[in-house]
Amino acid sequence: MKKNGKSAVLLAALALSTQTITLAHASADAVCFILREYEGKIALLEEGVDEPLAVYKTPIDSLYPADAELLREGIRLKNRAEAARLIEDLDLE
């Protein structure tokens, strides 16, 4: 194999490994979360999982009625950062 051929193979392998890492990272970020009422409280759940990641002390009735209604239906969040922002905005404890 020529020297240029080895370089091309190495570059292709490097590009493939970079894509694999990027795809693995993207799939980790693809996890969605649901903030919703759970047994009378507000909970954060991973989409498709029944057991909550966190349950908050803030009573759902202490929130604005529109927010409480959305939480009863469940609010779908794209990632942890979005979930953290909403939890902070709602001032959940």
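Hi everyone, let me start with a pair of side chains: R76 and E47 form a salt bridge, and their closest N and O atoms are 2.6 Å apart. R76 lies in strand 4 (residues 75–77) and E47 in the loop between strand 2 (41–46) and strand 3 (54–56), so this pair ties together parts that are 29 residues apart in sequence. By salt bridge I mean a side-chain nitrogen of Lys or Arg within 4 Å of a carboxyl oxygen of Asp or Glu. Helices (H or I, at least four residues) and strands (E, at least two) are DSSP runs, numbered from the N terminus.

A quick word on the source: this is a predicted model, where local features need pLDDT of at least 70 and side-chain atom pairs count only at pLDDT 80 or more, while totals for chains, interfaces and linings use all residues. Residues are numbered from 1 along each chain as its sequence is written, and side-chain values use heavy atoms, with hydrogens and water left out.

How many salt bridges does the structure hold? There are 3. One of them joins the side chains of E37 and R72, at 3.7 Å from N to O. Here E37 sits in strand 1 (residues 33–38) and R72 in helix 2 (residues 65–73), so parts 35 residues apart in sequence are tied together.

R72 also meets D61 in a salt bridge, at 3.1 Å from N to O. That pair links distant parts of the chain, with R72 in helix 2 and D61 in the loop between strand 3 and helix 2, 11 residues apart.

D61 is exposed, at 64%. E37 is partly exposed at 26%, R72 is partly exposed at 38%, and E47 is partly exposed at 38% as well.

Last stop, the surface: E88, D89, D91 and E93 form a negative patch. Patch residues have over 30% relative accessible area and no salt bridge, with like charges joined within 9 Å; Asp and Glu count as negative.

Notes. Buried means under 20% relative accessible area, exposed over 50%, partly exposed in between (1.4 Å probe, protein chains only). Patches are made of residues with over 30% relative accessible area and no salt bridge: like charges are joined within 9 Å, nonpolar side chains (Val, Leu, Ile, Met, Phe, Trp, Tyr) within 5 Å. Accessible areas come from the Shrake-Rupley method with a 1.4 Å probe; for residues, only the protein chains shown count as cover. The place of a charge is taken as NZ of Lys, CZ of Arg, CG of Asp or CD of Glu.
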